[in-house]
Amino acid sequence: MAEHGYDGLTVDAVAARSGVHRTTVYRRWRTVDGLLVDLLAMGADDSWIPAETGTLEGDLVELNREIHASLTIRPSLTTAVIAASFRTPEAANALHGFWKDRYERSAIVIARAIDRGEIPADTDAHRVLLTATAPLFHQLTLLRQDLSEADADRYARDAARAAKAGILRAP
């Protein structure tokens, strides 16, 4: 899918790339949509957690660097999956679940910063994460414009400063 997009993805191509007979793949996934939904669901089963650097700024910078890398590698599976999620309600729901899981796991970055006394206790984790990460998705995926790693770092630092200033508190 990353190489050929959603329209170029077939169960036969997945079987060939995997080195198995097509009936093996068809038994598990009758359609490309089912394969995409399972791919996204498997993302929730991994052991990923955000890096712990010892500071909110450092943790957000590392998080943004991971996102930046996933959106700028060519071909980008992340971008292909986002695009494919607009094709079916099932894929959209699966992508929503994937991002919900990732943002919930990433909230530990804010919890650690609260525990260290870096930011107010009522800081809204979701707002901090969106402030740090949304510009990357917007510029790289929606606008399809270049964004340097240094720019990604700057967005992370801006979010950390806003959180420390108490701007991103829960309503």
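Colleague: Does Arg112 count as buried or exposed, and what is the value behind the label?

Modeller: Happy to start there. This is a predicted model, in which local features need pLDDT of at least 70, side-chain atom pairs count only at pLDDT 80 or more, and totals for chains, interfaces and linings use all residues. Residues are numbered from 1 along each chain as its sequence is written, and side-chain values use heavy atoms, with hydrogens and water left out. Buried means under 20% relative accessible area, exposed over 50%, and partly exposed in between (1.4 Å probe, protein chains only). Arg112 has 12% relative accessibility, so Arg112 is buried.

Colleague: What makes Glu52 and Arg112 a salt bridge?

Modeller: The term asks for a side-chain nitrogen of Lys or Arg within 4 Å of a carboxyl oxygen of Asp or Glu. For Glu52 and Arg112 the N to O value is 3.7 Å, and the pair is a salt bridge. Glu52 sits in the loop between H3 and helix H4 (56-72), while Arg112 is in helix H6, 60 residues apart, so the bridge links distant parts of the chain. Helices here are DSSP runs (H or I, at least four residues; strands are E, at least two), numbered from the N terminus.

Colleague: Which salt bridge do Lys100 and Glu104 form, and where do they lie?

Modeller: Their side chains meet at 2.7 Å, N to O. Both residues are in helix H6, four residues apart, about one turn of the helix. Lys100 is partly exposed because its relative accessible area is 45%, and Glu104 is partly exposed too, at 49%. Across the whole structure, the search finds 19 salt bridges.

Colleague: How do you know that Phe98 and Trp99 are edge-to-face?

Modeller: The whole structure has two aromatic pairs. Rings of Phe, Tyr and Trp (its six-membered ring) pair if their centres lie within 6.5 Å; planes under 30 degrees apart are stacked, over 60 edge-to-face, and the rest tilted. Phe98 and Trp99 have ring centres 5.0 Å apart and planes at 75°, so the pair is edge-to-face. Trp99 and Phe137 are edge-to-face as well, at 5.3 Å centre to centre and 80° between the planes. Trp99 lies in helix H6 (residues 89-115) and Phe137 in helix H7 (residues 125-142), so this pair ties together parts 38 residues apart in sequence. Phe98, Trp99 and Phe137 form one aromatic cluster.

Colleague: Why does Trp99 count as partly exposed?

Modeller: Its relative accessibility is 23%, so Trp99 is partly exposed. Phe98 is buried, because its relative accessible area is 16%, and Phe137 is buried with 16%.

Colleague: What makes Arg154 lie over the face of Tyr155?

Modeller: A charge sits over a ring if NZ of Lys or CZ of Arg is within 6 Å of the ring centre and within 35 degrees of the ring normal. Arg154 lies over the Tyr155 face, at 4.8 Å from the ring centre. Arg154 also forms a salt bridge with Asp151, with the closest N and O atoms 3.5 Å apart. Asp151 and Arg154 share helix H8 (residues 149-164), three residues apart, about one turn of the helix. Arg154 is partly exposed because its relative accessibility is 39%.
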